[in-house]
Amino acid sequence: MSDVFDGIFGQPKVRDFLRACVRGDRVSHAYLFTGPAGSNKTAAAFALAKAIVCEGDPCSSCEACSADTCRRIDRKSHPDVHYLAPEGAQGYVVEQIRELVADSQLAPLAGRHKVYILDRVDSLGTSAANAFLKTLEEPPDDVTIILLGRTREAVLPTIVSRCQVVPFRHIPASEASGILAQNTGCTLPEAAIAIQAVGGSITKAAQFLRSKERGVFRTKIIGAMGSLLRADDLDILEYARDLVLASKTPLDEVRREQERDLEEKAEFLQASALKQLEARQKRAMSAASMELLRQMCSIARAWLRDVGVCCAGDDSLVVNVDVAASIHDAAARTTLERVTRAQECVSACEDVISYNVSPQVSIESMLFEIREVLYA
């Protein structure tokens, strides 16, 4: 019989370990999931949250659960399952952690247990960590905390020592594409494009395939990259403006989810708590916007990667097969060394955007630099 852990693709050992923890009633008070981007840590965290919080027999659809628990957890709208991501330019802000600590002392609203999932915990600075240590070491009995980080070494030792560490393996892109195609019904080429577009995450790639807006976003990015060879300065300024506008359209999905979340939680929360929720949602919207801009960089990097493999003489490795013409056109007019330098321009843009520099200025600069580097 299927269960919530079936969705932890590519991580059989983690799947078996978490199942055993739940079935043996040995769930720890705090976990640290470590692994590279795309290793399905987030999906595993939400699967564990379902297994802990759902009072029925949790499964992927939760059809037997009258409270609709699992679907609400999937939508990040369950009042007892909280997902946090860094909201500051340099990582977590102390206020985020203080809110978590205060909330953890309150009783669950809809069930018997609460779960807190903290993403990218390697960006948890010393001040924020200090506000968190006591709660992490001895949370209330009805609280489980799941931290997600790239590597054990990148997380503060004071955090690591208070958690049970669960390592996740790297999932090669070819394997990830096969898993995605098998579980969504898309073709292997479509799966490979989606995996590259989101930086390797199977879960995010599945969301990418379901979103028409994100597909349009990718088309605009790929179109801009393919047009740089013949673009003048005004063209590049227009491309940057169009990309910034296109990056805002998928946020409508996030906005709809937040509105639904407010409606569902209004019956549980007082006015002051709703105000705090609205403030968190505003920060979450900023984080979602940042995520889309990072996705833009992943898509641009994937196009350049394809140009590079063509320069190296191996066309069979091209992933973005739907725009093969523009890729071959660019490869015929550049070199592998120039492609590598252009990829560094994309990475520099991603770094600058993370420091809250104007997205349009950052994208304009990136496109100008890529044009100059690729085509001299």
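Q: A crossing of two helices is left-handed if the near helix is turned anticlockwise from the far one by less than a right angle, and right-handed if clockwise. Which of the two is the crossing of H12 and H17?

A: The crossing of H12 and H17 is right-handed, so the near helix is turned clockwise from the far one. This is a predicted model, where local features need pLDDT of at least 70, side-chain atom pairs count only at pLDDT 80 or more, and totals for chains, interfaces and linings use all residues. Residues are numbered from 1 along each chain as its sequence is written, and side-chain values use heavy atoms, with hydrogens and water left out.

Q: What makes H12 oblique to H17?

A: The axes of helix H12 (residues 233-248) and helix H17 (residues 359-375) cross at roughly 135° and come within 9 Å. Axes here are lines fitted to C-alpha atoms over the stretch in contact, with angles from 0 to 180 degrees between N-to-C directions. Under 35 degrees counts as roughly parallel, over 145 as roughly antiparallel, 65 to 115 as roughly perpendicular, and the rest as oblique. That makes H12 and H17 oblique. Helices (H or I, at least four residues) and strands (E, at least two) are DSSP runs, numbered from the N terminus.

Q: How do you know which residues of H12 and H17 meet?

A: Contact means heavy atoms within 4.5 Å. Among the residues that meet are Tyr 239 and Arg 241 in H12 and Phe 368 and Arg 371 in H17. By class, this contact has ten nonpolar, one polar and four charged residues. Ala, Val, Leu, Ile, Met, Phe, Trp, Tyr, Cys and Pro count as nonpolar, Asp, Glu, Lys and Arg as charged, and the others, Gly among them, as polar.

Q: Why are H9 and H10 called roughly perpendicular?

A: Look at the angle: the axes of helix H9 (residues 188-197) and helix H10 (residues 202-210) cross at roughly 115° and come within 8 Å. H9 and H10 are therefore roughly perpendicular to each other. The contact is made by Glu 190, Ala 194, Ile 195 and Ala 197 of H9 and Ile 202, Ala 205, Phe 208 and Leu 209 of H10. Those residues divide into seven nonpolar, no polar and one charged.

Q: Why are H8 and H10 called oblique?

A: The axes of helix H8 (residues 173-184) and H10 come within 10 Å and cross at roughly 50°. H8 and H10 are therefore oblique to each other. Ala 176, Ile 179, Leu 180 and Thr 184 in H8 meet Ile 202, Ala 205, Ala 206 and Leu 209 in H10.
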